[in-house]
Amino acid sequence: MKAVFLDRDGVLTRERLDYVKTPNELEILPGIGPALRALRERGFRLVIVTNQSVVGRGLATHEDLGRIHEKLQSELKRMGCCVDAIYYCPHLPEEGCNCRKPQPGLLLKAAKDLGIDVKESWMIGDKEIDLEAAKRAGCRGVRVETNVGDLQQAVSSILTIEKETGNAMI
Ligand SMILES: [Mg+2]
Ligand SMILES: [Zn+2]
């Protein structure tokens, strides 16, 4: 099983400097639906891996984050797609956990839980830490611009490389 790991803030939803603390503050970026559907059609599982120190900072609870992610999933469903799972790191940077990207913990846990082969998988992120986490986990990474949303180009490059290496699942 192969997957595309997706960063959340700045990639699927609008990154806010004051963090997304409530479902109301969650804004889905435009143009992500077709790109995510294209990945699904090619047999990729979709897994969000996101740093959410908003919890560690006491600005939102795990329950708040649960509600935010319920809204995210229902918006994605409206676009005809969904993600298989959402993994987040609630810790502060200084806690030194092994799940906050650039650590690969979230990706490796998701891979173990869902039976994902990281070597066949990709990460789409908007920050260097996303690409670093991908590298440490053993998968490939594609960077997109923060808060632009249109993932079509990133998805096209993934699917082109898949085709060239004969990994495309039709
Ligand atoms: Mg981000
Ligand atoms: Zn963590």
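So, the sheet: five strands, open, in the order 3-2-1-4-5, and the pairing is parallel. By pairing I mean that DSSP finds at least two bridges between two strands. Strand 3 (85–89) and strand 5 (140–143) sit at the edges with a single partner strand each, so one side of each has no neighbour in the sheet. From one strand to the next, the twist averages 25°.

Quick housekeeping. This is a predicted model, so local features need pLDDT of at least 70, side-chain atom pairs count only at pLDDT 80 or more, and totals for chains, interfaces and linings use all residues. Residues are numbered from 1 along each chain as its sequence is written, and chains are lettered from A and ligands numbered from 1 in the order in which they are written. Helices (H or I, at least four residues) and strands (E, at least two) are DSSP runs, numbered from the N terminus.

Back to the sheet, and to strands 1 and 2. Strand 1 (residues 2–6) and strand 2 run parallel, with five bridges joining them. Going along the pair, V4 stands opposite L46, F5 has V47 as its bridge partner, and L6 has I48.

How enclosed are these two? Seven of the eight residues of strand 2 (residues 44–51) are buried, so the rest of the structure largely encloses it. For strand 1 the count is four of five, so that one is largely enclosed too. Buried means 20 or more other C-beta atoms within 10 Å of a residue's own, exposed means 12 or fewer, partly exposed is in between, and the C-beta atoms are placed from the backbone.

Now zoom in on V4, in strand 1. It's buried, with 26 other C-beta atoms within 10 Å. Leaving out residues up to four places away in sequence, V4 touches L39, F44, L46, S121, W122, I124 and I158; touching, or contact, is C-beta atoms, placed from the backbone, within 7 Å.

L39 brings us to helix 1, where it is part of a contact with helix 6. The axes of helix 1 (residues 32–41) and helix 6 (residues 152–164) come within 9 Å and cross at roughly 20°. Axes here are lines fitted to C-alpha atoms, for helices over the stretch in contact, and angles run from 0 to 180 degrees between N-to-C directions. The two helices are therefore roughly parallel, which covers angles under 35 degrees. Who makes the contact? P34, A35, A38 and L39 from helix 1, with Q152, V155 and L159 from helix 6. That's six nonpolar, one polar and no charged, where Ala, Val, Leu, Ile, Met, Phe, Trp, Tyr, Cys and Pro count as nonpolar, Asp, Glu, Lys and Arg as charged, and the others, Gly among them, as polar.

Last stop, E128, which lies in helix 5 (residues 128–137). Buried or exposed? E128 is exposed, with 12 other C-beta atoms within 10 Å. Its C-alpha is 17 Å from that of N98, 30 residues away along the chain.

That's my tour; questions welcome.

Methods:
Parallel < 35°, antiparallel > 145°, perpendicular 65-115°, else oblique. Contact = placed C-beta atoms within 7 Å.
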